[in-house]
Amino acid sequence: MATITEEAVHAALAEVVDPTFEATLAKLGTLSEVKLDGAKVLARVRVSSPAESVQVELRKRAEAALKAVGVDELALVFDVQVPTRETTSNDPIPAVRNVILVMSGKGGVGKSTVAANLALALARSGTRVGLLDADVYGPSVPTMLGIEGHPTSKDGKLIEPLQRFGVKLMSIGFLLEDPRQAVIWRGAMLHGALQQFISDVNWGELDYLVLDLPPGTGDVALTLAQNLKVTGAVMVTTPQEVAVIDVHKALSMCKKLDIPVLGIVENMSYFVDPSGERHALFGEGGGARLAEEWKTPVLAQIPIDPAVGRAGDAGTPVVQSDPTSASAKVFMALAENLSERIARLHRERAGGDEAPVTEGPKRLRILR
Ligand SMILES: Nc1ncnc2c1ncn2[C@@H]1O[C@H](COP(=O)(O)OP(=O)(O)OP(=O)(O)O)[C@@H](O)[C@H]1O
Ligand SMILES: [Mg+2]
């Protein structure tokens with residue numbers, strides 16, 4: 001048998017096609033290290049999302065390419081480097097790579113449930129995640145994440161977020177004496193509170209900051225869009241026409257504010273009975289129609305599952321309390337689809353050349 005050279009191995013791996021971008025590793029410049037150690041190859045590849053399915057597929061492709069040049073053993077290391085959104089010089093949180101708004105025109109469709117499970121799913125896949133409860137009138141994060149307590153400040157300037165299950169958390173609920181207390185802020189105060197939750201909280205370096213927005217299309221998204229460039233919005237709907245109508249309004253507001261729509265999440269899509277049969281209790285196709293009209297993907301269809309509601313009420317969302325359940329897997333798939341979509345959007349924005357991978361700023365800029 002001909003001797004295997006490091007050059008041949010490198011050339012074979014360079015031609016492997018990355019499943020996220022459908023381009024070769026050579027073109028993407030993501031093959032960072034190749035070593036031949038006896039009969040074994042050690043390689044390092046950069047990926048732009050934590051999606052496990054991408055790593056599995058890449059490994060499969062790399063193994064096939066190496067087999068063709070006579071190598072059977074591969075140790076492949078993935079460097080997950082989540083690309084960062086655009087930040088201007090006065091961005092309040094430049095070390096936060098992506099800001100994701102979870103919203104809907106409609107109340108009660110499951111925004112908070114989706115936001116909490118999405119944040120946990122992203123964290124479980126190994127990325128640095130924060131969850132900001134942007135609903136100052138009806139905060140859900142303290143209940144859903146089962147956390148109470150008042151954030152403190154180490155330096156008297158920045159507020160330390162609370163942490164649970166590896167996710168940094170901030171909610172108006174943490175600042176109220178009594179969480180059931182009514183919050184009667186309007187206009188300027190709301191604007192100020194939100195700004196503080198972003199710029200005065202020590203979020204540190206994050207790959208994803210997930211924002212749980214209140215129902216409606218109003219002030220919150222506007223305030224956010226004025227302050228920083230968000231990565232985009234995840235629009236939550238239910239299949240019924242009444243919900244879909246309100247979601248159209250939210251989508252058109254995003255368009256006006258230049259907030260990219262990352263995709264649709266259709267919650268309460270179907271119910272699986274104990275025999276395993278699916279029932280579309282609220283009709284079918286609402287999410288798909290929205291997606292088609294607004295030229296955006298359906299990122300997930302989440303079943304109606306009493307365990308999802310119970311887990312949220314009990315303070316440990318289903319992704320955390322029962323990660324192998326069918327519903328948890330749907331949320332994990334949502335996190336994969338979303339992180340992949342974000343990676344592709346960043347690359348498109350950069351003109352389709354090498355994915356923008358920048359080392360985030362080392363220090364948080366504080367602007368007052
Ligand atoms: N897929 C699901 N299966 C079962 N129950 C669910 C599901 N999604 C959400 N729920 C339940 O529906 C209720 C509303 O959900 P949630 O609070 O997440 O909605 P929301 O859109 O954030 O509401 P609001 O507009 O009040 O902020 C909650 O009791 C929640 O536990
Ligand atoms: Mg909510």
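## A β-α-β unit around S11

Strand S11, helix H8 (residues 241-257) and strand S12 together form a right-handed β-α-β unit; right-handed here means that, with the strands pointing away from the viewer, the path from the first strand over the helix to the second runs clockwise. Helices (H or I, at least four residues) and strands (E, at least two) are DSSP runs, numbered from the N terminus.

This is a predicted model, in which local features need pLDDT of at least 70 and side-chain atom pairs count only at pLDDT 80 or more, while totals for chains, interfaces and linings use all residues. Residues are numbered from 1 along each chain as its sequence is written, and chains are lettered from A and ligands numbered from 1 in the order in which they are written.

## Neighbours of S11

Let's look at who sits beside S11. Strands count as paired if DSSP finds at least two bridges between them. S6 (residues 99-103) runs parallel to S11, joined by 4 bridges, and Val 102 lies opposite Val 234. S12 (residues 261-266) also pairs with S11 in the parallel sense, over 5 bridges; here Met 235 faces Ile 264.

## Cover on both faces

In a regular strand, side chains alternate between the two faces of the sheet.

## An exposed lysine

Lys 67 belongs to helix H3 (residues 52-68). Lys 67 is exposed because 12 other C-beta atoms lie within 10 Å. Its C-alpha atom is 9.9 Å from that of Val 9, 58 residues away along the chain.

Technical notes: Buried ≥ 20, exposed ≤ 12 C-beta atoms within 10 Å, placed from the backbone.
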